[in-house]
Amino acid sequence: KMLSHEVDWKSILRNFIGRARSVDRSTTIRRINKKMPYIFPGCRRPMIANFACFMDQSGSMSDEDIALLFAELGCLASLTKLDVYHFDTEIDEKSHTVWKKKGDNTPKQLRTRCGGTDFQSIANFVNDSKNKGRWSGAIILSDGYAPTMGATPSTKILWVVTPTGTTEHVRQGDLVCRMSHDNGKFKGI
């Protein structure tokens, strides 16, 4: 049991949220500058992290996988605010919902797309000038059956792959978890 590769998904998500720090900063004289003390003011960074969730709704995703993803999104929303989008070959901006920590605002499970899968649409959406720097991190919930996604320099990526999915097309350097049906845990990769 000690050598098991099963990792609690909450610890992976907490680590991911902790590493995705806000880029906003403000100067303050109350905080001492470490490089040039008492010459320049220090800076304060808020620890607020905004996340986008992109849920794969392509034809390769079964209804059970979509239900499992909705259940996990409810758990993720209890930790931080999420902007949830559905996608297949393109981002469905009409499906945008905001899941917040407080209150029970969990939307009903529904399927809005049913085409192929293209991760490049996520990279284009995140790198778009109106969305650049909007999110500290992005969580991609998918089965992984699509070509590899391009670069997203301002956004860190967490891949959550379904139990029947693959991790072959995940970019190097991104954090990856594989969901399992047992006890709501992901298998760390």
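Mentor: The account below begins with the ring pairs, moves to a neighbouring topic, and ends with the pocket. Please keep in mind that the model is predicted.

A pair of aromatic rings is described by the distance of the centres and the angle of the planes. The count of aromatic pairs in this model comes to 8. One of them joins Tyr85 and Phe125, with 5.0 Å from centre to centre and 70 degrees between the planes. An angle over 60 degrees counts as edge-to-face, and that is the class of the pair Tyr85 and Phe125. Tyr85 belongs to strand 5, residues 82–87, while Phe125 belongs to helix 3, residues 120–127, so this pair ties together parts that lie 40 residues apart in sequence.

Are these two residues buried or exposed? The cut-off for buried is under 20% relative accessible area. Tyr85 has a relative accessibility of 4% and therefore counts as buried. Phe125, at 8%, is buried because its value also falls under that cut-off. Tyr85 and Phe125 also take part in a cluster, in which ring pairs link them with Phe54 and Trp135.

Strand 5 contributes to another pair, formed by Phe87 and Phe119. Their ring centres are 6.1 Å apart and their planes stand at 55 degrees, so this pair is tilted. Phe87 is in strand 5, whereas Phe119 is in the loop between strand 6 (91–99) and helix 3; the two are 32 residues apart, and the pair links distant parts of the chain. Both Phe87 and Phe119 are buried.

Met149 is found in the loop between strand 7 (137–142) and strand 8 (156–161). With a relative accessibility of 4%, Met149 counts as buried. For Ile122, which is 27 residues from Met149 along the chain, the C-alpha atoms of the two are separated by 7.9 Å.

The last topic is the largest pocket, which holds about 280 Å³ of space. It is lined by 13 residues, and those closest to its centre are Arg31, Ile32, Lys34, Gly42 and Cys43. Strand 2 (26–32) and strand 3 (41–44) each supply at least two lining residues, and the largest share, 4 residues, comes from strand 3. By type, the lining divides into 7 charged, 3 polar and 3 nonpolar residues.

Definitions and conventions:
Residues numbered from 1 in each chain as written. Predicted model: local features only at pLDDT ≥ 70, side-chain atom pairs only at ≥ 80, totals over all residues. Heavy atoms only, no water. 1 Å grid on protein atoms, 1.4 Å probe; cavity = no way out; pocket = protein on both sides within 12 Å on 5 of 7 lines; lining within 4 Å. Points joined across faces, edges and corners; volume = space filled by probe spheres on them. Nonpolar A, V, L, I, M, F, W, Y, C, P; charged D, E, K, R; others polar. Buried < 20%, exposed > 50% of the residue type's maximum accessible area, 1.4 Å probe, protein only. Phe/Tyr/Trp six-rings, centres within 6.5 Å; stacked < 30°, edge-to-face > 60°.
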